[in-house]
Amino acid sequence: MSATTPALFLTRWVTHLCAPTFVLLSGASAYLSLQKRGDIGAARRFLISRGLWLVILEFTVVNFGIWFDVHFEVFLLQVIAAIGLGFVVLGALLTWNPKILGIIGVGIVALQHVFSSTTSHLFVPGLIPLGENHNLLVGYPPIPWIAILLVGFGCGRWFEHTRLDRRRLFAIVGLVCIGLFVVLRALNVYGDPAPWSIQQNGLFTCLSFINVTKYPPSLLFDLLMLGWMFLLLSLAECAGNRMTAVLEVYGRVPLFYYLWHWYLIHTLLFIVLFAQGFSPADFRFGFNFGRPEGTSGLELWAVYLLWLGVIAALYPVCRWYDQYKQRNRKQKWLSYL
């Protein structure tokens, strides 16, 4: 709170919505895929193979896009690997009742604060040395994120309801989640390792109140972010216009977009650094992403412009790939990208 501005805080805070939404909807998609296939054996093979593929992508294509380090000094375990590991676990448990798996997921989410003091990187982030020059950075400890995926699998049947029923149900669930967040956060006793406190003014006190912990995702983080997710899903049920048609293009090829956006963003980083007078000799890789030491980068307003530019630039590519997938539905490899 002492080192941020409201604009910078909210810019980072709103991105917290992404990962839990990705993970929960991945679980829901796995449920819908199982219902469509009607074959537990085939669904299990697909989930496990896709899960392992996502882990491989994470530590190769994604990691290089993040670090741009040909030596791979840092392997980062984040959201793609977390989803991949979740698919493997879900595939192994696919004969279990989806409601039971959803309840197990809710139980882990509710009780994970108990394990926050553990040193196991299954529950908490951390750095694991892999020899002299390599490290594994566990940014997304698997168990808290697998729990969200199991919750999504348990909620999958909700997506089979009629549009009107989905809209009503998502709104109720979203409001309940946010209501529970407000009550638990106000008590300031359980649910997040970082308690809120009175700040220099009312605005910063509100920011402190919603400043929940993502690494690992706390109970209050999950309630707040998934609550907003369900409310947005409810609103999306009654939306249908040109904007939603554009957004659906990205939504039909999410992994394809995700992979490409890292490379475009990182390329833009180096273009900015060259424009600011830096040379390759100044670049520092590893944990510094290639950024030089000292002051570099752009003002926040310019970052927003580049963000919009990245989204716009990738739209034609995503649209092409979406159309390609639609024309070639029988090619199984497309289901992995």
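Okay, helices here are DSSP runs of H or I with at least four residues, numbered from the N terminus. Keep in mind that this is a predicted model: local features need pLDDT of at least 70, side-chain atom pairs count only at pLDDT 80 or more, and totals for chains, interfaces and linings use all residues. Residues are numbered from 1 along each chain as its sequence is written, and side-chain values use heavy atoms, with hydrogens and water left out.

So, helix H12 is where you'll find Leu-305. Leu-305 is exposed, at 52% relative accessible area; exposed means over 50%, buried under 20%, partly exposed in between, with a 1.4 Å probe and protein chains only.

Now the aromatics. Rings of Phe, Tyr and Trp (its six-membered ring) pair if their centres lie within 6.5 Å; planes under 30 degrees apart count as stacked, over 60 as edge-to-face and the rest as tilted. Searching the whole structure turns up 28 such pairs. Take Phe-64 and Phe-68, which are stacked at 5.3 Å centre to centre, with 20 degrees between the planes. Phe-64 is partly exposed at 24%, while Phe-68 is buried at 18%.

Then there's Trp-67 with Phe-289, also stacked: 4.8 Å centre to centre and 15 degrees between the planes. Trp-67 sits in helix H3 (residues 40-67) and Phe-289 in the loop between H11 (254-275) and H12, so this pair ties together parts 222 residues apart in sequence. Trp-67 is buried, at 5% relative accessibility, and Phe-289 is partly exposed at 28%.

Last one: Phe-64 and Phe-68 also belong to one aromatic cluster, whose members include Phe-59, Tyr-263 and Phe-285.

Methods
Helices (H or I, at least four residues) and strands (E, at least two) are DSSP runs, numbered from the N terminus.
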